[in-house]
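User: I am new to this structure and would like to understand its side-chain pairings. Please take me through them step by step.
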Amino acid sequence: MASVRTLLLGCAAIITGGAQAADLPAKSAAPVDYVRICSTHGNGFFAIPGTETCLRVSGRVRAENLYLEPFDRAQDTIGFRGRGRINLDARTLTAYGMLRTYIRMEMTRNTGAYGFSSTSPEISQAFVQFGGLTAGRAVSFFTSPDLPAPNFGDLKFDDPSNAEVNLFAYTFSFGNGLSATLSFEDGTERQINNDLNFPLFGSGSAFPAFGPIASTYGGERMPDVVANIRYKGTWGEVQLSGALHQIRDVAAGLTTVNGVTVPVLNPVTGLPNPTYADTEYGFAVAALGYANVPALGVGDAVWMMATYTDGAIGYLNAGQSEPISNGFVSAGPLSMPFTDAFVDPFTGEFRTNKAYAIAGGLNHNWSPTWQTNVFGSWMRFDAPGVAQYTVPATAATIAAGTAGTTTGLVDFDEIRVGANVIWTPVKDFLIGVEALYIRVDPRERVAVPLTTASGDPTGTFRPAGSEDTWEGRLRVQRDF
C-alpha cells in the first residue's frame with residue numbers, strides 16, 4: 001500500500017512540474033524565408049526576399065585570339081582579348097505593366113592586333129523599362145536585338161551586339177507582334193569625322209587645287225531622332241527604321257597660319273568663307289529582318305539588313321557606339337578616308353557624303369552541338385565630285401607614281417565575306433573559329449605609298465585598283 005502511495009505522489013509531482021514548465025514563456029523560432037523561384041519571367045529568376053521583385057544574375061567570359069594578315073614588319077599579326085560580363089535583370093509586375101531594370105557591366109583587356117588597352121570597365125547597358133518606356137543605355141532602336149547575326153568580326157550594318165547608345169524611347173504595341181517605336185538617341189556616338197589631310201592638294205600640287213575642308217563636330221543641340229515599325233511572328237521578324245542626324249561644326253571658316261588664326265578665303269571670290277557652316281541634317285533608312293528555315297534544320301535562319309545613309313554613316317558602321325574623329329576603311333596598305341560631311345571650299349557650306357550597304361547571312365545547325373554560319377556585307381561610299389582631285393601628269397608626279405590618280409574623298413567599295421564553325425559541347429559553352437575576307441576597291445584611282453620592308457615611307461607611290469586582307473579568329477566563350 002505504501003508503495004502504491006509513493007508511485008501516485010511521484011506521478012502527481014511530475015505532472016505538476018510539467019504544467020508549471022509549460023506555463024513558462026517559450027522563445028519561438030524565426031520563420032524561414034525561403035528563396036522563391038519566379039518562373040513567370042523565365043529560367044534563372046528568383047524573388048528578392050521581402051519584395052515582389054524578381055532578379056536574374058547572369059554573365060559571360062570570352063577569350064578570343066585574332067590573326068591579321070600583315071603588310072609590313074611593324075604591324076602586329078596576332079592579338080589577344082579577354083572579356084568578362086555580368087548582367088543584372090530585375091523585374092516587377094505592377095498595375096501599369098512590367099517594371100524592369102537591366103545592367104550589363106563589361107571589362108575588356110586587348111593586346112596586339114586588337115590594339116593595346118588597359119583593363120577597361122564599362123557599363124555597356126543600363127536602362128529602365130516601364131510599360132512602353134525605355135530610358136538609359138540600350139541597343140539602338142535603329143536595329144533589332146533579335147537579329148541572329150553570329151559573326152565574330154565586323155560587317156557593314158548596325159550590328160546589335162555593338163550598337164549600344166544612350167536613349168529615351170517609347171514603344172507602341174498594337175498586338176499580334178506589331179509595334180512602333182520613337183526614340184531620342186545620343187547623336188554624338190554616331191559621329192564620323194576625318195582630318196582630310198591630303199598632301200597633294202593646294203600648294204603641294206603642281207596646279208591650283210582646292211580640297212574639301214575638314215570640320216570638327218560642334219556641340220550637340222538635338223538628339224538623333226530614330227523611329228521604327230516592327231512585326232515579329234513565329235516565322236521571324238521584319239523591321240523598317242529611320243534616323244535623323246544633326247551636323248554642326250565648330251569653326252570650319254577659320255584656319256591657323258604660322259600660329260595665327262585667319263579666315264579661310266574663298267578661291268573664287270577671294271573673300272572669307274563663313275566662320276561656321278550652316279547646320280546640316282543627315283539621315284539613314286534601313287530594312288532588316290530574319291526568317292526561320294526549319295526545312296534546312298532545327299534553329300536555322302537567314303537574316304539581312306539593307307541601309308542607305310546620307311550624312312549619317314555611323315548607322316551602317318558595324319554597330320558604332322562611340323564617335324570616330326579620323327575615320328578610315330582599310331585593307332592592307334590601302335586606307336580610304338570617310339566622313340559624314342565636309343565643308344565645300346567654294347561655298348563654305350556643308351556637303352554630305354552618302355554610303356549604302358547590305359549585309360546578311362545563313363545560320364545552319366548540323367546537329368545540336370555543331371553550327372556553321374556564312375555571312376557577308378557590301379558597302380559603297382559616295383562623295384560629291386568637289387571632294388576629289390585628279391593629280392596632273394608632270395615630271396615630278398610621273399616619277400613619284402601619282403600622275404593620273406585621285407586624292408581627296410574618293411568613292412570606293414568594300415566587300416566582306418566570312419564563315420565560322422561553332423562547337424557547343426555543353427549548354428552555354430562554345431568554341432568557334434572564323435575566317436573573314438576583306439576587299440577595298442577604289443577602282444584604280446588612288447595612289448598607295450610604297451614603303452621599305454620595315455614600313456618606312458620611300459616617297460613614291462603606286463596606283464591601286466584594290467587591296468585585300470584576311471582575318472582569323474578563335475573564340476572560347478562561356479555564358480552562365
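User: Which residues do ring pairs link into a cluster?

Analyst: This is a predicted model, in which local features need pLDDT of at least 70, side-chain atom pairs count only at pLDDT 80 or more, and totals for chains, interfaces and linings use all residues. Residues are numbered from 1 along each chain as its sequence is written, and side-chain values use heavy atoms, with hydrogens and water left out. Rings of Phe, Tyr and Trp (its six-membered ring) pair if their centres lie within 6.5 Å; planes under 30 degrees apart count as stacked, over 60 as edge-to-face and the rest as tilted. The cluster linked by such pairs consists of Phe283, Tyr308, Tyr356 and Trp378.

User: How many aromatic pairs are there in total?

Analyst: A pair of aromatic rings is described by the distance of the centres and the angle of the planes. By the ring rule, the count of aromatic pairs is 13.

User: What is the angle between the planes of tyrosine 102 and phenylalanine 127?

Analyst: Tyrosine 102 lies in strand β4 (residues 97-112) and phenylalanine 127 in strand β5 (residues 117-130), so their pair ties together parts 25 residues apart in sequence; strands are DSSP runs (E, at least two residues), numbered from the N terminus. Tyrosine 102 is buried at 9% relative accessibility, as is phenylalanine 127 at 8%. Buried means under 20% relative accessible area, exposed over 50% and partly exposed in between (1.4 Å probe, protein chains only). The two rings are stacked, with centres 5.3 Å apart and an angle between the planes of 25°.

User: Is arginine 190, which meets aspartate 158 in a salt bridge, buried or exposed?

Analyst: A salt bridge is a side-chain nitrogen of Lys or Arg within 4 Å of a carboxyl oxygen of Asp or Glu, and here the N to O distance is 2.8 Å. Because its relative accessibility is 1%, arginine 190 counts as buried.

User: Which residues are linked in a network of salt bridges?

Analyst: Glutamate 471 forms a salt bridge with arginine 473, their closest N and O atoms being 2.8 Å apart. Glutamate 471 counts as buried at 14% relative accessibility, and arginine 473 counts as buried at 13%. The network is made up of Glu64, Glu471, Arg473 and Arg475.

Key:
Helix = DSSP H or I, 4+ residues; strand = E, 2+ residues; numbered from the N terminus.
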